[in-house]
Amino acid sequence: MIRSEEARRRAVYVAQVLGVTGAYFLAGRIGLMRQIVLDGAVVTPLWPPTGIAVAALLCLGVRVWPGIPLGTLLTVTEIGDAFTVSRLAIMFGNTIAPLASYALLRKVGFRIELARLRDGVCLVFLGAFAGMLLSSTVGSLTLLIDGKVPPGRFWLVWSSWWAGDAMGVLVVTPVLLVLRGIRWPRPGDRWLEASVLGITVVAASLIATRSSLSMIYLVFPVVIWAALRFQLPGSAPCALVVSVLAIIAGTDALGPFAGHSLMEVMVNLSVLNGCVALTALLLGAIVAEHRNIRRETEYAVEELEALVEQLAPLSGPPSERYGDRPRRHGPLDGGPLPDQG
C-alpha cells in the first residue's frame, strides 16, 4: 500500500513536470508566431511562457521547476539548429526569472486568488517588473558576449526582452489563476451581459488596433466595465484579447502602428499592453477587495444582531425581571408607614 501510494505520487509529479514542459513549449510556439528580430536577438512583444512558468509555480509549487528549463530547451531548439553554451545561459536565465518572481511573491504573502489590491500590486511590480529583470539581463548579455548584438543596440534588445517577459506575466498569469478557480456556470449568472461584453471587447479592440484614427483609448472603457462587473474573471480575459489583437496589428503595421519604425512599434505595444494589463489587474483586485470587505461587514452585522436578540430578554424593565419579588413600602414610596405601636 505504501509503495503504491509513493508510485502514484511520483507519477503525479512526473505528469505535472511534463505538463509544465508541454505548456511552456506550446506557449513559446505561439509567441514565436509574432517574433521580431533585433540584430541577432529574437524577441516578442508578449512572451506567454513566462506567464505559464509563474502561474505553474504559484499553483503547483516550486517542485515543478524542472519543467521550465525543459520547456525552454525545446523552445530555443526551435529557434536555432544547435545547442550551445549561449543557449544554456539563456535557458538558465529563463528558469531563474520565474523562480525569483515566485520567491518574491511568497515573501510578501501573495495570494493566488488576487482578491486584494496588494496582491495585484505585488504581481505587477515583483512578479513581472522585478523578476523578469533576470531573464532579460542574462539573455541580452549572452548575445552581447557572443557578438550577435552590437554594444550600441544592447539596451534596445534588453528593454524589448524585458518588456516581452513582463507582459507575459501581466497578461497570461492572471488568466491562468482565474481558470484555476473556474466553476460550472449557474442559471443565475449574468449570461447576457457577459456575452455582450465579449462581443464588445473584440469589436472595440479591432477598431482601436486597426483604425487609422488612433483610437487606442477605446479599449479602456470596456476593460473598466469588465473589472467593475466581473472583477478579475472578466477583466483578465479582456486584457488578453486586447493585447493579442494589438500585437497582431502592430507586427503587421496596421492602423495606428502603420508608418512607424520597429522600435516605435515595440514601445507603443509595450505601453499599450502594460496599461491595459495594469488597469484590468489592479481595478479587478480593488473591486474584489471592496466586495469582500462588504461581505465581511454584513456577516459581522448579522452576528451582532443575533447576539442582541439573545441578550434582549435580560435587558427588559426591572418590573419584568423581578415581577415575582415582594416589595416593601416605605416613606419614600408614598405608602403607609408601618405600625409603631
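These are my notebook entries on a predicted model of one protein.

**Ground rules.** I work with a predicted model, where local features need pLDDT of at least 70, side-chain atom pairs count only at pLDDT 80 or more, and totals for chains, interfaces and linings use all residues. I number residues from 1 along each chain as its sequence is written, and side-chain values use heavy atoms, with hydrogens and water left out.

**Fold.** I looked up the elements and found 11 helices and two strands. They are DSSP runs numbered from the N terminus (helices H or I, at least four residues; strands E, at least two). The order from the N terminus is α-β-β-α-α-α-α-α-α-α-α-α-α.

**Contacts.** I took contact as heavy atoms within 4.5 Å. Of the contacts between residues at least 6 apart in sequence, 74% join residues at least 24 apart.

**Burial.** Of the 341 residues, 41% are buried (under 20% relative accessible area; exposed is over 50%, partly exposed in between; 1.4 Å probe, protein chains only).

**Thr 50.** I found Thr 50 in helix α2, residues 48–60. It is buried because its relative accessible area is 5%. Its side chain reaches the backbone oxygen of Asp 165 at 2.9 Å. Leaving aside neighbours within four places in sequence, Thr 50 contacts Met 132, Asp 165, Gly 168 and Val 169.

**Leu 311.** I then checked Leu 311, which is in helix α10, residues 262–311. Its relative accessibility is 46%, so Leu 311 counts as partly exposed.

How values were computed. Polar contact = N/O pair within 3.5 Å; in protein donor to acceptor, adjacent residues only side chain to side chain.
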